[in-house]
Amino acid sequence: MNDAVPAGTFVPPLILHSDHGGSAMSSSAHRGRILHFLGDPAKLGDKAWEYFEDGLLWIEHGHVRALDHAAYLLPQLPADLPLEEHPQRLLLPGFVDCHVHYPQLGVIASYGTQLLDWLETHTFPAEQRFADAGYAAAQAELFLDELLRHGTTTALVFGTVHAVSAEAFFQAAQKRRLRMIAGKVLMDRNAPPALCDTAASGYAESRALIERWHGNGRLQYAVTPRFAPTSSPEQLAAAARLLDEYPGVYLHTHLSENLKEVAWVGELFPQAQDYLDVYHRAGLVGERSVFAHGIHLSERECRCLAHKNAALAHCPSSNLFIGSGLFDLGRAQQYGIRAGIG
């Protein structure tokens, strides 16, 4: 257990898949350095994590049966239980990505100015290719391979406006037995015609995808209006209808990422008090709502998010790359807003 990885050496993540088919290989034990988390570090401090220099993870029928020091658990293992040694690895629970766009894999690090220009120049042209089911399937495979290569086993994922993009993603995720939450984008205005649906078609396609994929294995669905400027009030109302009809699904969209974006929302929805109020009036703010970015928020918006127990997804790489601003995590914590990393 004292074999150390040389400094500067990259060791790819080891993904421990559970077999939900009930085969004999669904039970195993894994010995190595183990780090896991028990709660929010902001609340628990050093008690939020637990580390075993020589630990043992016992998996039985796809679930964790026990986790403890190897010296304690080894004598308890059945004689026929497969035991794998991982002396040069640190075993961690899979990472969770709270906000990511799988169709944007090909435009990572593309040069742009700020959000709205970046969408027009890079994102929208790239997303139009996902109307082709074969292309969407190939990109879904590549994207999920990259997530796994970096140790991410759960993610909240945007597709494109095309239903086939969500279909391809769910198929690829199911094959890998991953826990993924995803949805087709709803976008019926202020975008290229090839990337627009309608309030009616977006509702119908989303409903069909929910019926097929939500709760299918480890997969779940997120109703996904891109952001307020690209959805009409009618489409936002249709999104709320889906949430009412399927209370177990999520709501996934963007909020207050960029100052020009915030100003544009004010022009498009003059009756709203602020950006979040657009979603609130539409019935889209709740405990299963995840809003990406949330950088430029008023006190009223923070109070509303906390009151509704909605969550923010902080995306530091994106925010810094296109100059959107800096997320104030301390402020979110002061208001009691749930926040994750995207």
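Author: Happy to! This is a predicted model. Among contacts between residues at least 6 apart in sequence, 73% join residues at least 24 apart.

Reader: Okay, and how many helices and strands are there in the protein?

Author: The protein has 12 helices and 13 strands.

Reader: What share of the residues counts as buried?

Author: Of the 342 residues, 48% count as buried. As for the surface, the protein exposes about 16300 Å², and carbon and sulfur atoms supply 55% of that area.

Reader: Let's talk about rings. How many aromatic pairs are there?

Author: The count is 11 aromatic pairs. One of them joins Phe 170 and Tyr 221, with 6.1 Å from centre to centre and 35° between the planes, so the pair is classed as tilted.

Reader: Got it. Where do Phe 170 and Tyr 221 lie?

Author: Phe 170 is in helix H5 (residues 163-175) and Tyr 221 is in strand E9 (residues 220-225), so their pair ties together parts that are 51 residues apart in sequence.

Reader: And is Phe 170 buried or exposed? What about Tyr 221?

Author: Phe 170 is buried, with a relative accessible area of 0%. Tyr 221 is buried too, and its value is 0%.

Reader: Which residues do ring pairs link into a cluster?

Author: The cluster holds Tyr 102, Phe 130, Tyr 135, Phe 143, Phe 169, Phe 170, Trp 213 and Tyr 221.

Reader: Tell me about Tyr 135. Where does it lie?

Author: Tyr 135 is in helix H4 (residues 133-149). With 21% relative accessibility, Tyr 135 counts as partly exposed. Setting aside neighbours within four places in sequence, Tyr 135 is in contact with Arg 129 and Phe 130. There is also Ser 165: Tyr 135 and Ser 165 are 30 residues apart in sequence, and their C-alpha atoms are 8.9 Å apart in space.

Reader: What sits over the ring of Tyr 250?

Author: That's the charged end of Arg 288, which is 4.2 Å from the centre of the ring of Tyr 250.

Reader: Nice. Which residues in H7 are buried, and what do they pack against?

Author: The buried ones are Gln 235, Leu 236, Ala 238, Ala 239, Ala 240, Leu 242 and Leu 243. They pack against strand E8 (185-186), helix H6 (199-213), E9, strand E10 (250-255) and helix H9 (275-282).

Reader: Now H9! Which of its residues are buried?

Author: In H9, Tyr 275, Leu 276, Asp 277, Val 278 and Tyr 279 are buried. The buried residues of H9 pack against H7, E10, H8, strand E11 (289-293) and helix H10 (299-308).

Reader: What caps the N-terminal end of H9, and what follows H9?

Author: Asp 274 is the cap, with a side-chain oxygen 3.5 Å from the backbone nitrogen of Leu 276. After H9 comes Gly 283, whose phi is positive, near 85°.

Reader: You mentioned H8. What can you tell me about Glu 261 there?

Author: Glu 261 belongs to helix H8 (residues 259-268), and at 0% relative accessibility, Glu 261 counts as buried. A polar atom of its side chain lies 2.8 Å from the backbone nitrogen of Glu 257. Glu 261 and Tyr 275 are 14 residues apart in sequence, with their C-alpha atoms 9.3 Å apart.

Reader: How about Glu 127, buried or exposed?

Author: Glu 127 is buried, at 0% relative accessibility. Its place is in helix H3 (residues 115-128). Beyond neighbours within four places in sequence, Glu 127 is in contact with residues including His 101, Thr 160, His 162 and Arg 226.

Reader: Last one: which side chain does His 86 join in a polar contact?

Author: The side chain of His 30, at 3.0 Å. His 86 lies in strand E4 (residues 83-91) and counts as buried, at 7% relative accessibility.

Key: Residues numbered from 1 in each chain as written. Predicted model: local features only at pLDDT ≥ 70, side-chain atom pairs only at ≥ 80, totals over all residues. Heavy atoms only, no water. Phe/Tyr/Trp six-rings, centres within 6.5 Å; stacked < 30°, edge-to-face > 60°. Helix = DSSP H or I, 4+ residues; strand = E, 2+ residues; numbered from the N terminus. Buried < 20%, exposed > 50% of the residue type's maximum accessible area, 1.4 Å probe, protein only. Lys NZ or Arg CZ within 6 Å of the ring centre and 35° of its normal. Polar contact = N/O pair within 3.5 Å; in protein donor to acceptor, adjacent residues only side chain to side chain. Contact = heavy atoms within 4.5 Å. Areas by Shrake-Rupley, 256 points an atom, 1.4 Å probe, with all protein chains shown as cover.
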